[in-house]
Amino acid sequence: MSQMTDKRNHVEIAFGNVGLVMSSDEKWNTLLDHIESYITDLEGKLGTKLSFFDGVFCYHENIYIPLKHEMNSWRVGLMFRGKNKSDLYLEMAEHWFELMKEDADVFADVAVRDYTYKEGKNPVTSYIMKEADKAYDYYSSKFRFA
């Protein structure tokens with residue numbers, strides 16, 4: 001097996017164990033590309049070489065977990081019925097990476113809300129999310145939990 005195939009198999013097993021099941025081989029390859037790009041950026045920030053396995057772990061903890069948490073707390077699956085949740089995760093991750101190109105400090109919650117507003121098709125859920133977002137903005141400006 002090639003090194004690329006070994007990496008992809010590792011990613012499929014690692015993320016399959018936490019419930020991420022992509023709809024196609026192309027989606028798995030895209031996820032692998034995201035992880036490798038993330039590892040390269042992280043190595044630049046840390047100034048050291050990471051093993052692929054350490055990089056996958058860092059991606060899982062710093063990208064997958066926060067994004068999945070925000071997707072669940074905002075219940076975005078309701079706005080994208082019929083869409084594979086793992087594919088939706090991948091689309092939101094791509095959107096987050098695009099936002100981070102403009103501002104490296106963009107958090108997962110901003111990416112999920114922004115993607116949902118732009119791509120969501122359910123007007124009732126969209127309205128509810130916008131109202132919740134107003135409350136979130138109001139309270140986050142009044143209270144800082146750090």
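The secondary structure of the chain comes to 6 helices and 0 strands, and from the N terminus on the elements run α-α-α-α-α-α; helices (H or I, at least four residues) and strands (E, at least two) are DSSP runs, numbered from the N terminus. This is a predicted model, in which local features need pLDDT of at least 70 and side-chain atom pairs count only at pLDDT 80 or more, while totals for chains, interfaces and linings use all residues. Residues are numbered from 1 along each chain as its sequence is written, and side-chain values use heavy atoms, with hydrogens and water left out.

Of the 146 residues in the chain, 38% are buried, where buried means under 20% relative accessible area, exposed over 50% and partly exposed in between, with a 1.4 Å probe and protein chains only. Among the contacts with a separation of 6 or more, 60% come from residues 24 or more positions apart, a contact being heavy atoms within 4.5 Å.

Helix α2 (residues 25–46) packs against α3 at an angle of about 100 degrees, with the two axes 9 Å apart; axes are lines fitted to C-alpha atoms, for helices over the stretch in contact, and angles run from 0 to 180 degrees between N-to-C directions. That makes α2 roughly perpendicular to α3, on a scale where angles under 35 degrees count as roughly parallel, over 145 as roughly antiparallel, 65 to 115 as roughly perpendicular and the rest as oblique. On the α2 side the contact is made by L31, L32, H34, I35, E36, Y38, I39 and L42, and on the α3 side by F52, G55, V56, C58, Y59, N62 and I63. These residues divide into 11 nonpolar, 3 polar and 1 charged, with Ala, Val, Leu, Ile, Met, Phe, Trp, Tyr, Cys and Pro counted as nonpolar, Asp, Glu, Lys and Arg as charged, and the others, Gly among them, as polar.

V56, in helix α3, is buried, with a relative accessible area of 5%. Its C-alpha atom is separated by 6.5 Å from that of I35, 21 residues apart along the chain. Leaving aside neighbours within four places in sequence, V56 is in contact with H10, V11, F15, I35 and I39.

The largest nonpolar core has 36 residues, of which F15, L31, Y59 and Y89 touch the most other members; such a core is a set of buried Ala, Val, Leu, Ile, Met, Phe, Trp, Tyr and Cys residues joined through side-chain atoms within 4.5 Å. The elements that give two or more residues to this core are α1 (3–16), α2, α3, α4 and α5, and α4 gives the most, with 8 residues. Beyond four places in sequence, F15 is in contact with L20, W28, L31, I35, V56, Y59, H60 and Y64.

How many aromatic pairs does a search of the whole structure find? There are 6 aromatic pairs, for which rings of Phe, Tyr and Trp (its six-membered ring) must have centres within 6.5 Å, planes under 30 degrees apart counting as stacked, over 60 as edge-to-face and the rest as tilted. F52 and F53 form an edge-to-face pair, 6.1 Å centre to centre and with 75 degrees between the planes; F52 is buried at 14% relative accessible area, whereas F53 is exposed at 51%. F80 and Y115 form a tilted pair, 5.7 Å centre to centre and with 35 degrees between the planes. F80 lies in the loop between α3 (52–73) and α4 (85–102) and Y115 in helix α5 (residues 108–119), so this pair ties together parts that are 35 residues apart in sequence. F80 is buried, with a relative accessible area of 8%, and Y115 is buried, also with 8%. Finally, F15, Y38, Y59, Y64 and Y89 form one aromatic cluster.
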